[in-house]
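Here is a short briefing to read alongside the model. Have the sequence and the 3D view open, and let's walk through helices, a pocket and charged pairs.

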Amino acid sequence: MKIIVCYKLVPEEQDIVVKRDKTLDFTQAQWKVGQYDLNAVEAGAQLAEAASGEVVVLTVGGDIVDNSKLKKDILSRGPARMYGVKDEACAAADSYAIAQVLKAGVLNIGDADLVICGEGSGDIYAQQVGPMLGALLGWPTVNAVNKVTAADGKVIVERGLENDVEVLEVALPAVISVTADINVPRIPGMKEILASGKKPATIWSLADVEASAGSVT
């Protein structure tokens, strides 16, 4: 099973300054992997371990995508490889535009059985990118997943409803968005951190994945 986990780099909340005109100042903010995306990465890593598969990660954004510290951070959490699409136009793109670029990235990576997204980004939290990505790919799509296991040619997912637990068999390839209570993300040890520097990371432009600049305006 080949799993692609999509993640977003976001500014550290405590570093954001509210100015007198009530606009936000991000100039002193450090960047990090979004908190909900850490659950998605952990879900992908656990599923890959259980199914003897491979998990890779994919992100879209501005120049921060190529930050070496952040690449090591994500790769120390279990993924075998990191992919990023870098263009400053992506930094302020809306959910649909980002979903379009992620679709191009997923197809460029190729042979994906499952794409996992977090329930929402750590900054906007629109909860739209996962469902939009699934619709653009034309794959079965399920959100609000709090448990996932691999089966023969499918995954079995659970979703907590108001009074019940919904269990679904989802044919692959598929896109799922997982909730924050699906797991507790691992804390990488020194061995994983050192090994992350040797894992491959590929950075593409919009042209490399055949996504137009107009898709992120």
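Is Asp66 buried, exposed or partly exposed? Asp66 is partly exposed, with a relative accessible area of 33%; buried means under 20% relative accessible area, exposed over 50%, and partly exposed in between (1.4 Å probe, protein chains only). Please keep in mind that this is a predicted model, in which local features need pLDDT of at least 70 and side-chain atom pairs count only at pLDDT 80 or more, while totals for chains, interfaces and linings use all residues. Residues are numbered from 1 along each chain as its sequence is written, and side-chain values use heavy atoms, with hydrogens and water left out.

**Helix 1**
- Helix 1 covers residues 35–50; helices (H or I, at least four residues) and strands (E, at least two) are DSSP runs, numbered from the N terminus.
- Its 16 residues should span 22 Å, and the end C-alpha atoms are 23 Å apart, which agrees; the expected span is 1.5 Å times one less than the number of residues.
- After helix 1 comes Ser52, which has a positive phi, near 50 degrees.

**Helix 3**
- The 15 residues of helix 3 (residues 95–109) should span 21 Å, and its end C-alpha atoms are 21 Å apart, in agreement.
- Among the buried residues of helix 3 are Ile98, Val101, Leu102, Val106 and Ile109.
- The cover over those buried residues includes strand 1 (2–7), strand 6, strand 7, strand 8 (114–118), helix 4 (129–137) and strand 13 (201–204), where contact means heavy atoms within 4.5 Å.
- Gly110 follows helix 3, and its phi is positive, near 80 degrees.

**Second largest pocket**
- The second largest pocket has a volume of about 190 Å³; a pocket is an open set of points on a 1 Å grid over the protein atoms alone, where a 1.4 Å probe fits, with protein on both sides within 12 Å along at least five of seven lines.
- Its lining residues (an atom within 4 Å of a point) are Ala29, Gln30, Trp31, Ile64, Asn67, Lys69, Leu70 and Asp73.
- Helix 2 (residues 68–75) gives the most to this lining, with 3 residues.
- By class, the lining holds 4 nonpolar, 2 polar and 2 charged residues.

**Salt bridges**
- The whole structure has 8 salt bridges, each a side-chain nitrogen of Lys or Arg within 4 Å of a carboxyl oxygen of Asp or Glu.
- Glu49 pairs with Arg186, their closest N and O atoms being 3.3 Å apart. Glu49 lies in helix 1 and Arg186 in the loop between strand 12 (174–178) and helix 5 (190–196), so the pair ties together parts that are 137 residues apart in sequence.
- Glu49 is exposed, at 53% relative accessible area, and Arg186 is partly exposed, at 27%.
- Asp66 pairs with Lys86, with 4.0 Å between the closest N and O atoms. Asp66 sits in the loop between strand 6 (54–61) and helix 2, and Lys86 in strand 7 (residues 81–86), so this bridge links parts that are 20 residues apart in sequence.
- Glu169 and Lys154 meet at 3.0 Å, N to O. Glu169 belongs to strand 11 (residues 165–171) and Lys154 to strand 10 (residues 154–160), so the pair ties together parts that are 15 residues apart in sequence.

Key: Points joined across faces, edges and corners; volume = space filled by probe spheres on them. Nonpolar A, V, L, I, M, F, W, Y, C, P; charged D, E, K, R; others polar.
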